[in-house]
Every structure is written in structure tokens, then in C-alpha cells.
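User: I'm new to this structure and would like to learn how to read it. Could you take me through it one feature at a time?

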Amino acid sequence: YYLRLRIESDSFPAIPYWWQQMYAVPLYPVAEIASYVGDPLGLAKLRREGTTTTAQARIDAQPNPFTGATELRFSIPAPGYATVRVFDPVGRMIAEVLPQQWMEVGRYAVEFDGSQLQPGTYLVELMLGQQRVVEKMVVVR
């Protein structure tokens, strides 16, 4: 992403006289900043697939079993906060694929890179408020 921030100094209050006398630098030295920024939360991989006709929340991995990467597909039957996490067989969280965020009704897909995982069975969890949906996914080599 390319982000540009422009600060219009006209909207700030006038610079006090004492500031002008004490400091040689302006009170508001930044006028414009522009830079490329990454996507630290990985949200760019989330995409909406369409509407849902089901009344229940669902989640699954496609393909399953998988070797490197898989796509986690889930349905949101009512608007609310959603979180997608992956747990190892012991129950430790190993990845928060989709941090908690507000989502509208619909079907969604998010990419999950499991190339660093050991072969075995893992659990993928979809949390919608107080509702929890859990499914198995299998990593093979």
C-alpha cells in the first residue's frame, strides 16, 4: 500500500510569540509524509466470496489435507466480530490468521501458510462473539 499524509498548517492555531523567540525550528515541521507500508496483519489476503444462505457459522480448509498453503473458507450468518485462529493438537494457539474485526454477513476466504508446520492434525477456530466453530485440518508432507 502507498500511504500519503498531508498536514495543512493553516488549520493549526497561530504559533505563539514565545515559541518563535525560544526555538529556531518551526512548531509544525512536517508538511507531508509519503511512504509504502506493508500489511503487518495479513488482512490483504482476506476476500469476500459472496452472500451466505446458511443460518449457522461454518469454517473449513480447502484443500484439506494440504502440504504448504491452504485456504480457510468461512460463513458469517450475522454481522459481528470474527476471529480465525489455528491451534496445535495440544491446544496451543500457533497462528491468528484473522485478528478480531467487524464483518458483515457473507462467505469469506483467507489464505493460510502452513509450510512451517510439522505434519499432523491441527484445529482451525472461528469465533463469532460467543459462538465458536472448530474444524480439523491436516498437514502432510
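**Reading the fold step by step**

Analyst: Let's start with the chain as a whole. Of the contacts in the protein chain with a separation of 6 or more, 63% are between residues 24 or more positions apart. Keep in mind that this is a predicted model.

User: Which helices and strands does the protein chain have, and in what pattern along the sequence?

Analyst: The protein chain has one helix and ten strands. Going along the sequence, the pattern reads β-α-β-β-β-β-β-β-β-β-β. As for burial, 28% of the 141 residues count as buried.

User: How do I read a sheet, and what is the strand order in the open sheet of four strands?

Analyst: The general idea comes first. Strands of a sheet pair through backbone hydrogen bonds, either parallel or antiparallel. Here, the open sheet of four strands is ordered S7-S6-S9-S10, and the pairing is antiparallel. Strand S7 (93–103) and strand S10 (131–139) each have a single partner strand, so one side of each has no neighbour in the sheet. From one strand to the next, the twist averages 15 degrees.

User: How many bridges pair strand S6 with strand S9?

Analyst: Six bridges pair strand S6 (residues 80–87) with strand S9 (residues 120–128), in the antiparallel sense. To see one of these pairs, find Val84, whose bridge partner in S9 is Leu126.

User: Thr83 is in strand S6 too. Is Thr83 buried or exposed?

Analyst: For that you need the cut-off: buried means under 20% relative accessible area. Thr83 has 4% relative accessibility, so Thr83 counts as buried. Setting aside residues up to four places away in sequence, Thr83 touches Glu96, Leu98, Pro99, Gln100, Glu125, Leu126 and Met127.

User: Now for S4 and S5. What joins S4 to S5?

Analyst: A hairpin does, running through six residues. The two strands run antiparallel, with five bridges between them. In one of the pairs, Asp60 has Arg73 as its bridge partner in S5.

User: What about pockets? Which residues line the largest pocket?

Analyst: Read a pocket by its volume, then by its lining. The largest pocket has a volume of about 180 Å³. Its lining is made up of Glu49, Arg58, Ile59, Asp60, Arg73, Phe74, Ser75, Arg107 and Tyr108. At least two residues of that lining come from each of strand S4 (58–62), strand S5 (69–76) and strand S8 (106–113). Sorted by class, the lining has five charged, three nonpolar and one polar residues.

User: One last stop: where does Val105 lie?

Analyst: Val105 is in the loop between S7 and S8. To judge its exposure, remember that partly exposed falls between the buried limit of 20% and the exposed limit of 50%. Val105 has a relative accessible area of 29%, so Val105 is partly exposed.

User: How far apart are Val105 and Thr51, in sequence and in space?

Analyst: Val105 and Thr51 are 54 residues apart in sequence, and their C-alpha atoms are 6.8 Å apart in space. Leaving out neighbours within four places in sequence, Val105 is in contact with Arg48, Thr52, Ile76, Pro77, Ala78 and Pro79.

Terms used: Residues are numbered from 1 along each chain as its sequence is written. This is a predicted model: local features need pLDDT of at least 70, side-chain atom pairs count only at pLDDT 80 or more; totals for chains, interfaces and linings use all residues. Side-chain values use heavy atoms; hydrogens and water are left out. Two strands pair if DSSP finds at least two bridges between them. Axes are lines fitted to C-alpha atoms, for helices over the stretch in contact, and angles run from 0 to 180 degrees between N-to-C directions. On a 1 Å grid over the protein atoms alone, a cavity is a set of points where a 1.4 Å probe fits but cannot get out, and a pocket is an open set with protein on both sides within 12 Å along at least five of seven lines; lining residues have an atom within 4 Å of a point. Grid points are joined across faces, edges and corners, and a volume is the space filled by probe spheres set on the points. Ala, Val, Leu, Ile, Met, Phe, Trp, Tyr, Cys and Pro count as nonpolar, Asp, Glu, Lys and Arg as charged, and the others, Gly among them, as polar. Buried means under 20% relative accessible area, exposed over 50%, partly exposed in between (1.4 Å probe, protein chains only). Contact means heavy atoms within 4.5 Å.
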